[in-house]
Amino acid sequence: MIVAVTRDASDTQRLAEVLGGLVGPGDVLVLAGDLGAGKTALTQGLARGLGVAEQVTSPTFTLARTYACHNREGLRLHHLDMYRIDHLQEALDMGLADEFVDDDAVTVIEWGDVVTPAIPSSFLEIRLTYGEDDDERRLAMHLVGPAWVRRAVAIQQVLGPWLVAG
Amino acid sequence: MNDMVTTAGMPVHERTTILGVETSCDETAAAVVRGGRDILSSVVSSQVDLHARFGGVVPEVASRAHVALITPVVAQAMVESGVTDADIDAVAVTAGPGLVGSLLVGMSAAKALALAWDVPLVGVNHLEAHLYASLLEEPALEFPLLVLIVSGGHTLLVGFHGHGQYRIMGSTLDDAAGEAFDKVARYLGLGYPGGPAIDREAMAGDPEAIAFPRAMLDNGFDFSFSGLKTAVINHVRRHPDVSTVDVAAGFQQAVVDVLVHKARGAARAMGAKGICLSGGVAANSQLREAILDVCVADGLHGYLPSRTMCTDNAAMVAAVGWWRLMADGASPLDIGVVPGIGFPGTIG
């Protein structure tokens, strides 16, 4: 478990932008946490780190949006949101496994903790919780599977300024 | 995106009858519209008691629901229209934006029908269809118009300068307004759908009791509702005994203030003759009232379509299909869906 603290939403975006440097094709990030915890803000920062030119907006109603990552040739960012999904079957119906997890893309799944049975066994889970004041957030990162575990040291290095003892 | 249109227009007239098909998001919808204006039928799955036909289990979201619903919804639209298959001159279908699996269900059905009936197929843009929703109820609309599309998935200010001539004036940078309504309603325990729930609750509250932030973003025309959502949550966390009606009223007032302020500014900037609402949030009573007030004050026409025309429907798809058929002609039968398509025919 790697734990970071951010001061506010734009600080969460900066952290995610830096994290973007360690993310590549086939990676899945699962974002969990209460309403307003900063899941979309985190995705916006990650998108910036991957060179997405378009404005990344919340996919709660559209369920999924796909963006081109301009600083990595051929790479796409799938941004999914399971907020409205009540059953795993609905996630499968919308093409979670078939359409939105692939070798040419980074997949970010907001409210994704309910669908982990349907995604690859290796993923990074980031759980965001409210901190001590209104804007502060605590990010608990859980590295699941060898593809992520072997990046633990690198992640700790780039996220150094934000890290706190778990 | 070029496969949306071909170059040669097709003659259409006031008797040209189009079947519209819409499956871009949650609603499965079909409608028959004559002459781009005259709605002969408009069927939307959520308004129909289809539960009995599916043993009480109708999936709420995603493509499997559309697969189950598309055939009965199209059949019902045909029956209610009073026309026969032979009377249909073209099939219009939403090609994007939307969820790929959901779009494909409508697209496949529309292609099959166009092929079986030997009539042209025309793929249309869902957001452009929202602009034409207002024309269905107000045929005498005068351009240029400022259209505020405000729903669960979209918050957009569009300058509607003429058929096929649009300018995006502003859009949300994070959450759509309808999404903010829905999430705040769920957080306050007011149930689903959140828009009507907040609207009801707010009537009993004091909109001035809590001063929630208005994200004006330097008076440009873009929106941000994520900060407001978080401000509501922070307020309730700090004041667990706060009156829910006051929270709902204060939140709604903040959303409406921003929407109306930006719509008014955009209408002025483009020299609009009127302001038109579209999308599910356009049913919000306070928003309707506030937009009309601004229109009266500024000498503009205010167009407030009915709730059924504001929310997703296929009549608007058939209506825009009529215009697109005239302007661009039929789409090729191998047209694909375009989940991330932007606005067509934009200027500037």
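Trp323(B) is buried, at a relative accessible area of 17%, where buried means under 20% relative accessible area with a 1.4 Å probe and protein chains only. Trp322(B) counts as buried too, at 10%. This is a predicted model, in which local features need pLDDT of at least 70, side-chain atom pairs count only at pLDDT 80 or more, and totals for chains, interfaces and linings use all residues. Side-chain values use heavy atoms, without hydrogens or water.

Rings of Phe, Tyr and Trp (its six-membered ring) pair if their centres lie within 6.5 Å; planes under 30 degrees apart count as stacked, over 60 as edge-to-face and the rest as tilted. Over all chains, this rule gives nine aromatic pairs. Trp322(B) and Trp323(B) make an edge-to-face pair, with 5.0 Å from centre to centre and 85 degrees between the planes.

## A buried aspartate

Now let's visit Asp175(B), which is buried at a relative accessible area of 1%. Its side chain joins that of Lys229(B) through a polar contact of 2.9 Å (a pair of N or O atoms within 3.5 Å; within protein, one must be able to donate a hydrogen and the other to accept it, and residues adjacent in sequence count only if both atoms are side-chain atoms).

Leaving out residues up to four places away in sequence, Asp175(B) touches Ser58(A), Phe225(B), Ser226(B) and Lys229(B), with contact meaning heavy atoms within 4.5 Å.

Key:
Residues numbered from 1 in each chain as written. Chains lettered and ligands numbered in written order. Buried < 20%, exposed > 50% of the residue type's maximum accessible area, 1.4 Å probe, protein only.
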